[in-house]
Structure formats: structure tokens, C-alpha cells
Amino acid sequence: MSNSSTLNGLYIDGQWRAGSEDLKVINPATEEPLASVSGGNEQAVDQAVNAASAAFSQWAKTSGAERGAVLRKIASGVQARREHLMQLQSSNNGKPLFEAAIDVDDVIATFDYYAGLAEGLDAQQDRSVALPSEDFAARVRREPCGVVGLIVPWNFPMVTTAWKLAPALAAGCCVVLKPSEVTPLPELELAAIIAESGLPKGVFNLVCGTGLAVGAPLAADPRVAKISFTGSNAVGVQVMQRAAETVKGVSLELGGKSSLLVLADADLELAVELASGGGFFNAGQMCSATSRVLVADTLADEFLLRLKVRAEAIRVADPFDPEVEMGALVNQAQYQRVLGHIDRGLSAGAKLICGGERPADLPRGYFLRPTIFTQVPLDSALWCEEIFGPVLCVRSFASEAEAIALANDSEFGLVASVVSRDGEAAERVANALQAGLVWINSPQVIFPQTAWGGYKQSSIGRELGPWGLQAFQEIKHVIRAV
Ligand code: NAD
């Protein structure tokens, strides 16, 4: 896919091409350049949408079984290059190799799952609809919505892509994918796998580039029927505004400020493990990151003590170090953003329990020690805003009602977690939380079968499961007089 030391960042109409602007890609663990990718602009988007539009009429007519076969081929292509894809994820994103393995396995599972749904579509097409009149008969069909634009961020590069791409192709849509300019390398390799999967040319197109050069014209293009976007709220709003001009559909997966609630009867060791995993996995750069830890006041002192011990024991290291537990943040901008949150938290009067600075043994790379705050003012940015770094804010509560109110007091509502030995109490609390997914006594496991998305300003729509497929389908009713 490369014609020189710069990688071609455009895959349009079945051809790899160079773009107009070189994007420097770095290794966040070393701050050294990793690669240069030739990204596109408005013209490349136009060409990609042209190719996708031309391919749509044929691809939309394929059977679900044919589309499922292609998705299975992509899944096995990813499986065959699993190790290489893991290495790309870790070197481009800074995440430990064991986390990259989870990502790649998720991608395989997602393509396999939507292959199964695609294969099931043929038998479900043209369902009859019961009507209250014998004078009419009706049937309902689901059809692909058209050419779709997929715009993804850098924190789980291939995973966020797979969650959109697999259902879009399963539905029969043609795709223009724009990866994050920060982490294009895993997607370039995925595109190389897709190029070998037997998809007709133009069905899948990739345009690397910056948000303004590529994402914005993609969101504005009137031939694009739908934009599926994962990223920040600020950009999500811009994408929605552009999409509104041509009344195109949008699915948005945006920010979060998620809570873990430790009820009075919780298993403390489990609670500590879940807080640490939820807060520090992927260096906290997760929309679903545990950000607020709410602990029953009877447990709070002991919990904080144990959480501090756990956090200080986490081995922050190079992503390829066999003992690494937490890797690097993705780039200088993100590193400064998180340090800024820590500084502002201290100025607002929050009490730092541990972390807040670079590990002494790692002078280079965007490394940060796992950070815990307590006594965080409820109106501070640290408590209210998404941090997107390895920072936990711990607070005690006196009653279940207070815990629920604290968790729900956010403009976001992506996920939440509950720790309790009382199954009934945990389920009751889960029902009261304003979140799209609630884990009970569980780490943040994700299955392709269960929906992903949240309440309030976290999302519009749901990914994964049958909901993820429906997001790329139109509903057509045919009513006939009999
Ligand atoms: P970002 O919003 O800066 O960028 C996301 C993507 O949008 C990138 O590909 C970027 O190039 C593109 N983009 C930027 N400006 C654009 C514009 N004007 N028009 C169109 N596209 C544009 O986000 P990020 O920094 O890459 O990722 C971090 C954010 O993503 C966090 O806020 C996080 O919560 C969110 N996120 C959400 C989920 C979820 O499922 N809810 C998952 C992962 C990340």
C-alpha cells in the first residue's frame, strides 16, 4: 500500500492512492515518528463518494448470504494478521499489547457476528404486516440506507471502525471510512485485508486525513445518506450541524462521565479491581471510563486505602514490556489536556491521593501515573467534564438514593457499574441509573450481541446487536389493495 516511505492513505474504487497532505504518525511511548501517511482532502472525499455511489446499486442487490461470506473472510483475514495488527495498535496508540489483543479479538468477533446477521437477512425480507382491514395487504422490507460515512477516533481505532463497518456492509451499504489522523495505521492494515476480501470495487473506500480536510466534507456531502460518528461532543455537534443541511441520518457515540457505585455490602477487593480496571484500562482513554467512584460511607476509608495501594502498584511501561499494565497516552495534546485537568482539579481544592505526574523511570513518552482524587468539588471540571485519562475521583455517599442522584447528575449517560453482594439491590440501582449499559459486579466486558450507546449527550442511536444493523437500514412498507 505504499509507493515510497510515505504510506498511501487513500483506498478509493479498489485502488490505493496518495493524497494531498502528509500526516506524521508518532509512537506515543517514544515520541518518535512511526510513519508518514498521505491523507486526502475534499476532492478525495468526492472521488470516494462517487465510487461508493456507483457501487451501491449492485451491492445493495446482493443476498445477505453473499455479504455474510465477505464479512467472514474479513474476520479470518484479521485473525490471520492478528499479531501484526496488535503491534500496530500498540505502537500507534500506546496501549499494552495484551489490550491490543482484546481489541483485535473484538474486531474478529464483530465481523463474525454481523456475518451471521447478514446471513439471516434473506429469510426475514418481506415480512407481511397484519392490517385491521381485509381490503389491503402489506409487507415490510428492510433495505440498505445508501452510501454511508464512518468517522472514528483514536482510542480504540479498529474496534470503533468494526462496530460501524461490519453492520454497514452487512446491511448492503457502501462505505467511506475516515480514521483518526492520530492512529491511521491499524485502519490502513484493516483496509489492506478488506481489499483482499473479494468486495466489489467501490463498496469500501478509505480516506485518511484530518477532520477539517476529510471529515467535514464527508458529513456535508448530499450523496451520503448517513454519518456514523464516534468522537468528542464538540465535533459530534459540528457533524450533526453539517448533516442537518441535507437531512441525513446521524449516529453519534460521544463522551461519558461514568460512575462505579460501591454499595455498603460490596466485596471490597472486587470493587477495587473494578475501579482500577474501569479507570486505568487504555490509560483511561475510554468514553466508558470509570471516572466517578461512589462508595458507601461505611466502606470509604478502607476502599480508598486499598485503591491507592492498587493504583501505585500498577506497572506503567512501554506497551511492549511483558510486565506492562498501563501504557502511554496517545499524544502530546491529549497528555497536556489530562495534565490540565489535574492542575485545575488541584486549584479547585480537590485532594490528590496518588499519581498526577509522569513516572520517574519514564522520562520520554506520554506516560502518566494512575491518579486518584478525593474531596472533588461537585461543580469542578474534574467532577463534571470528561477527562479521557487515568484519573479517578472518589466520593462517599450515605444512602442508595444519594448514590443514584450523584451518578445521574451529569450531562452524559453512557455506562455505569454497581458492586454489591445483594442481587436485588444491584438490579434496583441498575434500573435507576441513566446509562445505556450497566455492569453489575463485572468488568467492562462488551459483546457484539449487546447494544452500545448511552443516554443524554453521550449518544444518538445504538451500535452493536441488531440495533447496530438497523442503524444502516431503511424501512419500506408496500401496501396493496386486494
Ligand atoms: P475527535 O472528536 O477529535 O475526532 C473524532 C474523529 O472526528 C476523528 O477522525 C477526527 O479527525 C474527526 N473530525 C475532527 N473534526 C471534524 C469535523 N469538523 N468534521 C468531521 N470530522 C471531524 O475525537 P478524538 O479526540 O479522536 O476521540 C476522543 C473522543 O471520542 C472522546 O470525547 C470520547 O469520549 C469519544 N469516544 C466516544 C466513544 C463512544 O462509543 N461513545 C468511543 C470512543 C471515543
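1. Gly436 is placed in the loop between helix 14 (423-432) and strand 20 (437-440), where helices (H or I, at least four residues) and strands (E, at least two) are DSSP runs numbered from the N terminus. Because its relative accessibility is 28%, Gly436 counts as partly exposed; the classes are buried under 20% relative accessible area, exposed over 50% and partly exposed in between, with a 1.4 Å probe and protein chains only. Leaving out residues up to four places away in sequence, Gly436 touches Gly413, Leu414, Gly453, Gly454, Tyr455 and Arg462, contact meaning heavy atoms within 4.5 Å. Gly436 and Ser459, 23 residues apart in sequence, are 9.0 Å apart in space, C-alpha to C-alpha.

2. On the basis of these values: this is a predicted model, in which local features need pLDDT of at least 70 and side-chain atom pairs count only at pLDDT 80 or more, while totals for chains, interfaces and linings use all residues. Residues are numbered from 1 along each chain as its sequence is written, and side-chain values use heavy atoms, with hydrogens and water left out.

3. Ser90 lies in helix 3 (residues 82-93) and, because its relative accessibility is 0%, counts as buried. A polar atom of the Ser90 side chain lies 2.8 Å from the backbone oxygen of Lys95. Apart from neighbours within four places in sequence, the residues in contact with Ser90 are Lys95, Pro96, Leu97, Ala100, Pro319 and Phe320.

4. A search of the whole structure finds six aromatic pairs, a pair being rings of Phe, Tyr and Trp (its six-membered ring) with centres within 6.5 Å, classed as stacked when the planes are under 30 degrees apart, edge-to-face when over 60 and tilted for the rest. One of them, Tyr113 with Tyr114, is edge-to-face, at 4.9 Å centre to centre and 75 degrees between the planes; Tyr113 and Tyr114 are both buried. The pair of Tyr335 and Tyr366 is tilted, because the ring centres are 5.7 Å apart and the planes are at 50 degrees. Tyr335 belongs to helix 11 (residues 332-347) and Tyr366 to the loop between strand 15 (351-354) and strand 16 (371-374), so the pair ties together parts that are 31 residues apart in sequence. Both Tyr335 and Tyr366 are buried. Tyr11, Trp16 and Phe204 form one aromatic cluster.

5. Charges over rings (NZ of Lys or CZ of Arg within 6 Å of the ring centre and within 35 degrees of the ring normal) also deserve a remark. Lys226 lies over the face of Phe472, at 5.8 Å from the ring centre, and the charged end of Arg395 sits over the ring of Trp383, 5.8 Å from its centre.

6. The structure holds three cavities of 30 Å³ or more, a cavity being a set of points, on a 1 Å grid over the protein atoms alone, where a 1.4 Å probe fits but cannot get out, with lining residues having an atom within 4 Å of a point. The largest cavity has about 90 Å³ of space, a volume being the space filled by probe spheres set on the points, which are joined across faces, edges and corners. Its lining has 13 residues, of which Lys257, Ala407, Gly413, Val415 and Gln434 lie nearest the centre.

7. The largest pocket, an open set with protein on both sides within 12 Å along at least five of seven lines, has about 850 Å³ of space. Of its 39 lining residues, Ile102, Phe281, Met286, Gln444 and Val445 are the closest to the centre. Helix 4 (97-124) gives the largest share of this lining, seven residues.

How values were computed. A polar contact is a pair of N or O atoms within 3.5 Å; within protein, one must be able to donate a hydrogen and the other to accept it, and residues adjacent in sequence count only if both atoms are side-chain atoms.
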